[in-house]
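Biologist: I would like to learn how to read helix packing and sheets in a model. Please take me through this one.

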Amino acid sequence: MKRDFTIGGGMLERHELDAFIVLAEELHFGRTAERLGVSTTRVSQTIRKLERRVGVPLFHRTSRRVELTDAGRRLHDDVQPAWAQIGAAVRQAVAAGRGMTGELVVGFVGAAAGQLVIRVADGFRRRHPGCEVRIREAQIAEVVPWLHDGSVDVALTGLPVDDPLLDTGRALVREARMLAVSSQHPLARRDTVSVEDLAGVPMLQLPPTLPASTLRDRNPGSTPAGRPIPTGPPAATFQEALMLAGSGRGVLPVGAHVRRYYVRPDVAYVPFRDAPPVEWGLAWHRDRATAKVLAFARAADDLTTHDP
């Protein structure tokens, strides 16, 4: 199958190939012009220009009929299969980008995020019954790599996300920021803590696969006053972080939902009195922002906007 559509040292233009292939099928200038949405004069001019570049006539024309010449038939036989394959590939790409069928894979991190994703998926399915939603739980270290390699199409994750390859929607959830700390630590006996208190305790380190903006938000290196925060041990998963916090190895800022979903006798959750809320939202790869992904984001916006 030939794919190099070059003649006379130059590449054939798309409108030339369109005119040639359609005229070879219709063998009629009027019907060809109608299919292409141009004038018969434009078709005739295009074919004459193409024949000059080829150096031989491609069609026999009489007042009553149009026929391919031998050279025209050979060119058609060489070009048409590859041109049809290109057209099919383009149609497939358009269907994948604009279509609302098939499967959408949605990732989430944490139990609360999973419940929200399920509710959004239910609303999405009602709007687009031809598209199946598959939900996958990701560990905190996995969500960004999964978005990069296409393992998931969209994911509910912590914000902010400043990855140059990823786009995000608006913040769907805002919740009070709390400090996960050993229940035996003096901070656990307080009603609230300050961000400045972090200067006196090791900060558990989240995986480096998280975007730098997320790490700055959840793993700050210093307090607002500029006091350094000691570096604690790394945690690959959220459960591992809670285990380390419960054993007194370090602390970690978390969202208020952990009090409901991650109750542990060895960990206390103390509210910050001077820290911004924790935010959650959808993220997706900007090269795979298909109609399905954007429709899922709209469904999430609509659900959280109307939630009491």
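Modeller: This is a predicted model. Start with a helix contact: His-15, Glu-16, Ala-19, Phe-20 and Leu-23 of α1 touch Arg-42, Thr-46, Ile-47, Lys-49, Leu-50 and Arg-53 of α3. By class, the residues of this contact are 5 nonpolar, 2 polar and 4 charged.

Biologist: At what angle do α1 and α3 pack?

Modeller: Two packed helices are described by the angle between their axes and by the distance between those axes. Here α1 (residues 14-26) and α3 (residues 40-54) pack at about 105 degrees, and their axes are 9 Å apart. Angles from 65 to 115 degrees count as roughly perpendicular, so α1 and α3 are roughly perpendicular to each other.

Biologist: In what order do the strands of the open sheet lie?

Modeller: Strands of a sheet pair through backbone hydrogen bonds, either parallel or antiparallel. In this open sheet the 5 strands are ordered β6-β5-β7-β14-β8, with mixed pairing. From one strand to the next, the twist averages 25 degrees.

Biologist: How many bridges join β7 to β14?

Modeller: There are 5 bridges between β7 (residues 154-159) and β14 (residues 278-285), and the two strands run antiparallel. Leu-156 is opposite Leu-282 of β14.

Biologist: Which strands does helix α5 lie across?

Modeller: Helix α5 (residues 111-127) lies across β5 (102-108), β6, β7 and β8, and runs at about 175 degrees to β6.

Biologist: Which residues of α8 are buried?

Modeller: In α8 (residues 238-246), the buried residues include Phe-238, Ala-241, Leu-242 and Ala-245. Their cover includes β9 (177-182), β11 (231-234) and α9 (258-261). After α8 comes Gly-248, with a positive phi near 85 degrees.

Terms used: Residues numbered from 1 in each chain as written. Predicted model: local features only at pLDDT ≥ 70, side-chain atom pairs only at ≥ 80, totals over all residues. Heavy atoms only, no water. Axes fitted to C-alpha atoms, helices over the stretch in contact; angles between N-to-C directions. Helix = DSSP H or I, 4+ residues; strand = E, 2+ residues; numbered from the N terminus. Parallel < 35°, antiparallel > 145°, perpendicular 65-115°, else oblique. Contact = heavy atoms within 4.5 Å. Nonpolar A, V, L, I, M, F, W, Y, C, P; charged D, E, K, R; others polar. Buried < 20%, exposed > 50% of the residue type's maximum accessible area, 1.4 Å probe, protein only. Pairing = 2+ DSSP bridges.
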